[in-house]
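Dear colleague,

Here is the structure I said I would pass on. My notes on it follow below.

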Amino acid sequence: MNTAALSDIPLQVAGMTCASCVMRVEKALKAVPGVREASVNLATEKVSIRALSTVPVADLMAAIEKAGYAAMALQDVKPPSAPGLPTCWPVALSGALTLPLVMPMLLQLVGVDWMLNGWLQLALATPVQFWLGWRFYRAGWKAMLAKTGNMDLLVALGTSAAYGLSVYLLFKHAEHGMPHLYFEASAAVITLVLLGKWLEQRAKRQTADAIRALNALRPSTARVRRGDVELDLPVEQVTVGDLVIVRPGDRVAVDGDIIEGRSHIDESLITGESLPVAKGVGDKVTGGAINAEGALTVRTTAIGAETTLSRIIRMVESAQAAKAPIQRIVDRVSAVFVPVVLLIAVAAFLAWFGFTGDWEQALINAVAVLVIACPCALGLATPTAIMAGTGVAARHGILIKDAEALEVAHAVTVVAFDKTGTLTEGKPSLAAVLAAEVSTRDDVLRLAAALQKSSSHPLAVAVMNQVRTERLPVPEAHDAQALPGRGVQGVVRGQTLALGSTRLLHELGLNEGLLHAEAERLEKQGKTVSWLVQSGTSQPTLLGLLAFGDTVKPAAAEAVSRLHQLGIRTVMLTGDNRGAAEAVAKELGIDDVRAEVLPGDKAAIVKALRDAGEVVAFVGDGLNDGPALAAASVSYAMAGGADVATEAAGITLMRGDPRLVADSLDVSRRTYSKIKQGLFWAFGYNVLGIPLAAFGLPNPVIAGAAMAFSSVSVVLNALTLRRWQGVAVGPSERPPNPQPVTSAAWGEQR
């Protein structure tokens, strides 16, 4: 049994022209022993291979080359250097040579009868056919060697037939007047296909604008303070813990924490936030952001591939390289497309020759069939839409990790939200402390603080802020441990104490006693109530309660309203008490509330919704949201939350703005619509065009023009996604000159 680990290997592939090429590369790679998966993206010309770590990369590259294509490692891909001639020169030269050939046909439209000498036609058409069109012969020959077909083979066969027929007629009738020749057909088809490929490449480069924009954010140098000396070093030489100086107007070179200074940071290309964000001591900064007016000293926390910017780029690249499930339909069609077209062309030739006896006309109609067929549009419809959709989403702070999440999101019928940190700010303050008969208020607060001292939970932070404000001494706690979904317990001054939810209180066999009325009043106000219990005895004792207030995010109500406008039902899942949960749900207009649920219960509820036929999106940010995120059809993580949430989620929202959920669903719907439109036109074009060509309606020139237009139109249609604008941005969302607010000062302001 092979125990080698699996690894992901990306490679660049050159020479692919259509969906048939994609299938051939994937088939060649999957035949390599140890390869588990291979996914080719025609738009990016990259292949993602999942294989055993023992598989040599050289074997993978050799398999691609044997299939007829060039392969190289991504790090070996050099950025294009400025060429001596513009990239359109083959198209321009081919057009210049072809124009005199098609001029007689154009002049006939205005009543002018003129014909170019046949030998001059041969002289003009030959360099177009065998020099500028050599790429089609080369790629078509490689396809034949691999016993498959592609677009290049169709173009090479079709134009060669038209060119060969013209040469035959020229030599046969040279002494008996000028026969009708078809040099203009072969040359015009090659010119139009070259034009289409050039326009297509230009359009495809625009779909990768998001990646280029993110890569442009990477600074090359950083100003580092080491001792009393400041040095300008390459970013690669900066290490974790280094102090980096960020001057006004500079781009932040690393991820880190501010230890000196305050300023505003423009993070728009990273988070999609439209305005600079106030930052001060203790706040985090992200490499690639732009510092505004103040000098900052930043302690480095992440470098290289571990920075936020690098992770974002990897996510977007991964999503753009992945195949959407709908692409499987295209793959199945592409596997048989070229052989079927060749059979139709042969059938058209035999039928025309059999019924008319005119083999010249039969050959021309067969050529039209070969030329009009376009597997190119089929191969481009899905990846170009995915690239455009993920790119525009990234610019608005929505990171889509895989193409499947983008595709599935269009069908979402229910969005389930976690409450704390998702719909609320997640920074609660302590609103009330009430003691039972056996204790005092200060004792309840100090004992609760002892249990929460080592925790980073938002409720623990609120408790610690309060004891610091009141300057109360906090005893030490021993054996403190979390009770998932319930609270925390530990030993303080020899007593076993527990602090947690009403569920925990009831599990310990206690009721609210005389505090019941106060707890009910606080819960109706939307407060979260935690109970402090002495639990280590045979008869647990209630010591008191703590009530916490959290602020609903300003954009949360609008987010829920927008989801309703999209026809989507909303559900809130929370471990909080029912009173607090229902108060928030009522304020926001949420359709359904499930309160006092454990982490496992959240996942079970999500699964039950899916079993009922719903397509469920779950939005969370905490450690306990991991199971529900994994159970959802589409999962969303709020950036800044727990790492496990971000890892489990298919989509990461780079700002804590719940309106981004509706934005992402809108992007998904528009992207899926573009995919369907592209595939409809690609399939429809071939279903309509091939029979028309077989019946002799379009001549090869018109067929070539239609073929080129089909590919370009599919890509340009996908590119309209780049104009999409989300609503989760706007200059009125913050004061024009916000002042820096540190996390330490937050509780005091509350």
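Two strands count as paired if DSSP finds at least two bridges between them. Helices (H or I, at least four residues) and strands (E, at least two) are DSSP runs, numbered from the N terminus. This is a predicted model, in which local features need pLDDT of at least 70 and side-chain atom pairs count only at pLDDT 80 or more, while totals for chains, interfaces and linings use all residues. Residues are numbered from 1 along each chain as its sequence is written, and side-chain values use heavy atoms, with hydrogens and water left out.

Sheet

There is an open sheet of 3 strands in the order β10-β9-β12, and the pairing is antiparallel. Its edge strands, β10 (277-279) and β12 (290-291), each pair on one side only. Between β9 (residues 263-266) and β12 the antiparallel pairing runs over 2 bridges. I265 has N291 in β12 as its bridge partner.

Cores

A nonpolar core is a set of buried Ala, Val, Leu, Ile, Met, Phe, Trp, Tyr and Cys residues joined through side-chain atoms within 4.5 Å. Buried means under 20% relative accessible area, exposed over 50%, and partly exposed in between (1.4 Å probe, protein chains only).

The largest nonpolar core holds 47 residues, and V415, Y636, V661 and L665 have the most contacts inside it. Helix α24 (residues 659-694) gives the most to this core, contributing 8 residues. Leaving aside residues up to four places away in sequence, L665 touches A409, V412, V415, L563, L566, I568 and Y636; contact here means heavy atoms within 4.5 Å. A second, separate core has 32 residues, including A125, L170, A185 and I190.

Aromatic pairs

Rings of Phe, Tyr and Trp (its six-membered ring) pair if their centres lie within 6.5 Å; planes under 30 degrees apart count as stacked, over 60 as edge-to-face and the rest as tilted. The structure has 8 aromatic pairs. W89 and W131 form a tilted pair, because their ring centres are 6.0 Å apart and their planes stand at 45 degrees. This pair links distant parts of the chain, with W89 in helix α3 (residues 89-108) and W131 in helix α4 (residues 118-132), 42 residues apart. W89 has 34% relative accessibility, so it counts as partly exposed.

W119 and F171 make an edge-to-face pair, 5.2 Å centre to centre with 90 degrees between the planes. Because W119 lies in helix α4 and F171 in helix α6 (residues 151-173), the pair ties together parts 52 residues apart in sequence. W119 is partly exposed at 41% relative accessibility, whereas F171 is exposed at 54%. Ring pairs also link F130, W134, Y137, Y163 and F183 into a cluster.

Regards
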